[in-house]
Amino acid sequence: MPEPTAPAAPQAVARSLRSDAIRHLLRNPVFVLSALVIIFLIVISLWPSLIASGNPLKCDLAKAQQGSQPGHPFGYDGQGCDVYTRTVYGARTSVTVGVCATLGVTVLGSVLGGLAGFFGGLWDTILSRITDIFFAIPVVLGGLALLSVVTGGTVWPVIGFMVLLGWPQVSRIARGSVITAKQNDYVQAARALGASNSRLLLRHIAPNAVAPVIVVATIALGTYISLEATLSYLGVGLKPPTVSWGIDISAASPYIRNAPHMLLWPAGALAVTVLAFIMLGDAVRDALDPKLR
Amino acid sequence: MLLEVRDLHVEFKTRDGVAKAVNGVSYGVDAGETLAVLGESGSGKSVTAQAIMGILPSPPGRVTAGEVLFQGRDLLKLKESERRKVRGAEVAMIFQDALSSLNPVLSVGDQLGEMFVVHRGMAKKDARAKAVELMDRVRIPAAKERVKQYPHQFSGGMRQRIMIAMALALEPTLIIADEPTTALDVTVQAQVMDLLAELQREYNMGLILITHDLGVVADVADRIAVMYAGRIVEQAPVHDIYKAPAHPYTRGLLDSIPRLDQKGQELYAIKGLPPNLMNIPSGCAFHPRCPMAQDICRAHVPPLDQLDNYRQSACHFWEECLDG
Amino acid sequence: MGRYLIRRLLQMIPVFIGATLLIFLMVNVLGDPVAGLCGDKACDPATAAQLRREFGLDKPVLEQYLTYMGHLFTGDFGTAFNGQKVIDLMSTAFPVTIRLTVVAIVFEIVLGLGLGVLTGLSRGRVLDTAILLLTLVVISIPTFVTGLVLQLLLGVKWNWISPSVSTQAPFSELIVPGLVLASVSLAYVTRLTRTSIAENRRSDYVRTAVAKGLPRRRIITRHLLRNSLIPVVTFIGTDIGALMGGAIVTERIFNIHGVGYQLYQGILRQNTQTVVGFVTVLVLVFLVANLLVDLLYAVLDPRIRYA
C-alpha cells in the first residue's frame, strides 16, 4: 500500500523500534490497567497480610455458608472459613503456579526449540516428532492421568506437569522464530565474518527471536493459572491445606444453588487474574508487531 | 479532455499526525494520449491515481478538496453505486505487483470472467470463453489450457499480462497503470510495456502511466507530469522535457540516469531525502535539496507558471533552469 | 498428492506410538493398576500378586505395551477390571461425546465465524471493541466456572434447561453443554477470524477487486472471506480432537455419560485398560482430524496443492 511514510535515516528506524514499542505500550490503557492488576496481585501474593488480617485456615463451622457481614465482606465458605481471606491468600498459589510453570516452560521450550531451529538436521526432526506427540495428548487428560498417581497436592507436581506438557508449545514458536532470524542478512554476514555459533545465537539471533516467545509466554501464564484451577476442580490438582481458588471453587460447586457467593468470589478473582495476563500479552503483541498498528 | 483532475487534495490521518499526500494536483489526459506521471515514492503520484479510481484506503485517506472530471462528470460527486459502475468498465487500473494483486485462490479465468459476469451480466460459461479470448489478446500462449490455472503458476511477465487483460476486459476509455513494469525483469519490462502501448493505440484509450523510471517514459509517453511532495512541479511534452527541463528537480532526475557516453564519471544523485509529508518544508517543498534555492524559495510557494501553450513549471527560477 | 498423503500417514505412526506409549507408561508405571481393584482398602499382597499375574502385569512394561497394542489391532480393547468390555463402554460413551462435539463445532462455526466476520469488517468501531473484550473475558474464565454459572442461571434459577443431562443425551439437552465446551475455542475463532479478515482487507487483491468495480457483497464473500477463512478452518479442524479430549470438565458439570466421564472414572479407579483404550482412540481421532485439515487446506489454497 503506497501509504505516505515519513522518511527517516535507517539507523534511526532501527533504534526507535524498541523505544517505540514501549511508548506505544504506555499509551495503551489496556496495558496500563492489566499491568496495575498484575503488580497488585504480585504484591498481595508476597504480603497477603497487607490487606487481609485473618488466617485463611482458621474456620468456624458454625458460620458455614453464611453471607456477607461486617468485617467479612465476602461471607463464609462451606467450612466456615472467611472467603475474603482465602481469596486474598489464594492469589499466592495462582501466581506461584503461573510464574513458575511459565518460567520452566519458557526456559525449556526456548532452549530446546532454539537449538533445534539453529542446528537443524536430525536433532530438529526428532524434536519436531516429540513435539507432535505431546500435542496429540489432550492437556486435561494428561493432567488427570499423571497427577492422579502423584500424591501430596502441593504446587510442585502441578508445576512439573505443566512444564512437562507445556514446553512443546514454546519450543515450536522458538524454533520458528530462530529459523526466521537465522535467515536474516545480518546473521549471514556475521557468520561470513567468522562469528562463532554461540556468539551468533546469543548476540544476533536470540534478541530478534525473543519477541514471539515473550508474547506466547505471557498469554500462557494466564492459561496455566486457569489450568491449575481446572485440575483442582477435577480433584487431581492442589489439595487442602493449600489455599487455592481452584480448590475453593471446586468445594463451593455443590452449594452453588444456596450459597453462590462461595463460588463467585474466588471465580471472579481467578477470571480477573487470567484476564490481566492475557490482556497484557495481547497488548505486548500489538506493540511488538508494527504491522498491526 | 477525457479526464481532468482539478486542484485535488488528499490527506492521510496517521497515529503521528496528518500526512498531506496530495496538495492541489491538476492534470488531464485525452483519448489516445499517454500521460506519464513521474516522481519518487511518496510524491503523491499513486495516491492521486487511487483518488481518481475511488480506491483510497479510507480511513486513513480522505479527499479534502478538488474535482475529478471524467467525460464531464465529477466522479467524486457520484454515489458509490454509480461510481462502482465506472470502475473497471470505463476507468481501469493496472497495479504494480501482479502476484499480490491477483487473488491467490481463484483461477485467472474466474478473475477475468468476473468482469463480464458482474458488469455485463454474462453467464459463467460465456465469461470463461471471453477470458480465453482476452488471454489470447495479451498473447499468453495456450490460453485455453491456462485459463484454469492460478496466479502463482504464471511467470511474472505473464501475470502482468493477465492484469492488463483484466483492465482491458470491458474496453475502458481510460487506463491507469501504476508502475506496471517495476516488479519485472528488465527484459520482460520492454515486452509488457510495448504490449500495453500497442493495445492503447488499438483501442484509442487514454493512459496514465505512473512510474519513477524515466527510461520507460521516453518511449511511450506523450506528455510528462513531474510530481514532488504532492504537487506537480513541471508538466510538458516529453521531448521538451528531455531537451531542457524547466525545474531543478526534473533536471536532477534526468541527471541521475546513468549514461553510456559518460562512463567512468561519478553518478549524479539529488542530495538530501524526500520530504516528510507530515511536515512539508515551507515555500517550495524542494528548496532544501535544490542547488538553485534562494531566499524567495523558502518563503513563497512558486505558482505553476504557464511557459507556453504546452508547458508548465512551478519554479521561481524556471527561466534560469531552462538556460541550463 | 498421493505421495504427500503417504508421507503424512507415515509421519503419523511415530506420533501415534509415542503418544499411546506415553499414556501407557504414565498409567502403568507411575500408578498401581491393581490398587483400585479391592475396593477402598488396599489389596493384601497375595491377592495383588495373583491379580498381577492374571492381567500380565508382572511382565516388563514394554512387553505389556506390545501385547496390548497387538490385541488392539485385532479390535480387542481389553476388559475393564469390573468385567465390562472396554469396547462396550466405548460404544455407549463415544456417540454421546461425538454429539456434544458436533454441537460445540456448530457453535464455533456459526457464532465464532459470524462474530469474527462482523468484527473484522467493523474494525475499530464500538461493536468491534465490545465483542473483542467479551472474547477476552470468555477466554479468561475457566470452562468449569462458565459451566457452573450457566448451569446455575439457566438450569436452576430460570429453569430453561435441565441442569443435568439424561443418559440418552439427545441433541436438545446438549445445547448448553456444547456451548460451554465450545466457549474458549469460540472466542479464539472469533479473534482469529477478525484478525484474518482485517489483514486481508488491506491486501492488494482486495484493492484489485474494488478497482474492478465489483459490488461490496461480492468482494466480501468471493474475495475476502475465501482467503480469510483458510486459517480459521485449520483451527476448527484441529480443535475437534482437543474438544473430545477436553470434554471431561463439561461432562462432569452436566453429568454427561460420555468419553470424559468414562475416562474420569477410569483414572480415579486406576482402570488402566479403560484409560489407555479411550486415550488411544482420542489420539487417533486427533491425528486423523489433523490429516483431514491438511488435505482440506490443499483444497482451499491452490498454492499448497501444486507446491
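Predicted model: local features only at pLDDT ≥ 70, side-chain atom pairs only at ≥ 80, totals over all residues.
A:Ile126 belongs to helix H4 of chain A, which covers residues 121-136. Relative to A:Pro70, A:Ile126 is separated by 56 residues in sequence, and the C-alpha to C-alpha distance between A:Ile126 and A:Pro70 is 61 Å.

The largest nonpolar core contains 254 residues. Within this core, the members that touch the most other members are A:Leu144, A:Met162, B:Ala165, B:Ile176 and C:Ile23. Helix H10 of chain A, spanning residues 261-288, is the element that gives the most to the core, with 18 residues. For A:Met162, when neighbours within four places in sequence are left aside, the residues in contact are A:Ala101, A:Val105, A:Tyr224 and A:Leu227.

The contact between chains B and C was also considered. Chain B contributes 25 residues to this contact, and chain C contributes 21 residues. On the side of chain B that touches chain C, at least two residues each are supplied by helix H2 (80-86), helix H3 (98-101) and helix H4 (108-120) of chain B. H4(B) gives the most to this side, with 4 residues. By residue class, the side of chain B that touches chain C comprises 13 nonpolar, 7 polar and 5 charged residues.

Conventions
Residues numbered from 1 in each chain as written. Chains lettered and ligands numbered in written order. Contact = placed C-beta atoms within 7 Å. Nonpolar A, V, L, I, M, F, W, Y, C, P; charged D, E, K, R; others polar. Core = buried A, V, L, I, M, F, W, Y, C linked by C-beta atoms within 7 Å. Buried ≥ 20, exposed ≤ 12 C-beta atoms within 10 Å, placed from the backbone.
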